[in-house]
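Please keep the structure open beside you as you read.

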Amino acid sequence: LSAAAVHEAAGLADAVAAFFRREKPEQARELARTLEASAIPQPWKTALLRAAARFDEPDPRSGWQRVEFEHPTLRKKLHYFVQIPSGYRPDVPCPALMTLHGQNATAEATHGWWGELAERYGFVLISPEYIYGRKYGYMGTETEFQSVMGALWHASGRFNLDLDRIFLQGSSQGGHAAWDMGSAHADRFAGVIPIIGAALTTRKLANLLHTGLYCIDGSEDGGSPVLDRKAIQELAKLRADARYVEYV
């Protein structure tokens, strides 16, 4: 290859690294066009993107980290917590568990539930804050959804996540959210795990046909078991991969 091609690749590497480092998604379209028009070999382009996506990767050994980011469409500062397993390697895609906190908990507190298990099984653990300005009450709003998916978008830019193995879990209020977000956007997740949360609607359950679901509830959990049983019956009719465990 010519010296000009090497020089062009070096310039593109600087541009791509700056894009990820500065976290300015509005530059994505212009950068994509520049890469597409470039005459450098396609494997070089792919290598540039893979390397730059981990340009600003934090030390995986730093434990339970709070991460702040600016959401590109909400135009506001959001945050999530993340734990990287000790066996994480930047060159190997890693599965991830996203966990949504309950009414009386916080995004930070979910580490007590899932931190040890995520480490044991080699999962990246991501706990987004999705309720801002209220003490409780999942409302099913676009802001709540974007808070969760924005955290996944941001984390996938910092770490090498296996996007075919992203699992969504929620407890209590987070269980409502897991049912709702998981069924509305099932293509984003390999599995959905609501715990003591209600399936508030059955309108979107058909989306779960190719997404595993494992639901846990208790017989005295108010009206949730009735709604969950109904949802599971609907999924059974579809022959979806769903399981319901109810503690009596």
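The largest cavity has a volume of about 50 Å³. This is a predicted model, in which local features need pLDDT of at least 70, side-chain atom pairs count only at pLDDT 80 or more, and totals for chains, interfaces and linings use all residues. Residues are numbered from 1 along each chain as its sequence is written, and side-chain values use heavy atoms, with hydrogens and water left out.

Rolling a probe the size of a water molecule over the atoms shows where empty space is left. On a 1 Å grid over the protein atoms alone, a cavity is a set of points where a 1.4 Å probe fits but cannot get out, while a pocket is an open set with protein on both sides within 12 Å along at least five of seven lines; lining residues have an atom within 4 Å of a point. Grid points are joined across faces, edges and corners, and a volume is the space filled by probe spheres set on the points.

The structure holds 1 cavity of 30 Å³ or more. Around the largest cavity you will find His176, Trp179, Asp180, Ser183, Ala198, Ala199, Leu200, Thr201 and Leu205. Sorted by class, this lining has 5 nonpolar, 3 polar and 1 charged residues. Here Ala, Val, Leu, Ile, Met, Phe, Trp, Tyr, Cys and Pro count as nonpolar, Asp, Glu, Lys and Arg as charged, and the others, Gly among them, as polar.

The second largest pocket has a volume of about 240 Å³. Its lining is made up of Leu97, Trp114, Leu117, Ala118, Tyr121, Phe123, Phe167, Gly191 and Ile193. Two elements, H4 and strand E6 (191–195), each give two or more residues to this lining, and H4 supplies the largest share, 4 residues. By class, the pocket lining has 8 nonpolar residues, 1 polar and no charged.

## The chain as a whole

The chain has 7 helices and 8 strands; helices (H or I, at least four residues) and strands (E, at least two) are DSSP runs, numbered from the N terminus. Of its 248 residues, 44% count as buried. Buried means under 20% relative accessible area, exposed over 50%, and partly exposed in between (1.4 Å probe, protein chains only). Among contacts (heavy atoms within 4.5 Å) with a separation of 6 or more, 65% join residues 24 or more positions apart.

Tyrosine 80 lies in strand E2 and counts as buried because its relative accessible area is 0%. Leaving aside neighbours within four places in sequence, tyrosine 80 is in contact with residues including Val67, Phe69, Ile126, Pro128, Ala151 and Arg158. The C-alpha atoms of tyrosine 80 and alanine 151 are separated by 6.3 Å, although these residues are 71 residues apart along the chain. The side chain of tyrosine 80 also joins that of histidine 154 in a polar contact of 2.7 Å. A polar contact is a pair of N or O atoms within 3.5 Å; within protein, one must be able to donate a hydrogen and the other to accept it, and residues adjacent in sequence count only if both atoms are side-chain atoms.

Histidine 71 sits in the loop between strand E1 (65–70) and strand E2 (77–83). At 3% relative accessible area, histidine 71 is buried. Its side chain reaches the backbone nitrogen of leucine 74 at 3.1 Å.

What about serine 38, buried or exposed? With 8% relative accessibility, serine 38 counts as buried. Serine 38 is found in the loop between helix H2 (28–37) and helix H3 (42–52), and a polar atom of its side chain lies 3.2 Å from the backbone nitrogen of isoleucine 40.

## Charged pairs

Side chains of opposite charge can pair when their charged atoms come close. A salt bridge is a side-chain nitrogen of Lys or Arg within 4 Å of a carboxyl oxygen of Asp or Glu. By this rule the count comes to 7 salt bridges, among them these:

| Salt bridge | N to O distance |
|---|---|
| Arginine 89 and aspartate 91 | 2.6 Å |
| Arginine 120 and glutamate 116 | 3.4 Å |
| Lysine 237 and glutamate 234 | 3.6 Å |

Arginine 120 and glutamate 116 both lie in helix H4 (residues 111–121), 4 residues apart, about one turn of the helix. Arginine 120 is exposed at 51%, and glutamate 116 is exposed at 60%.
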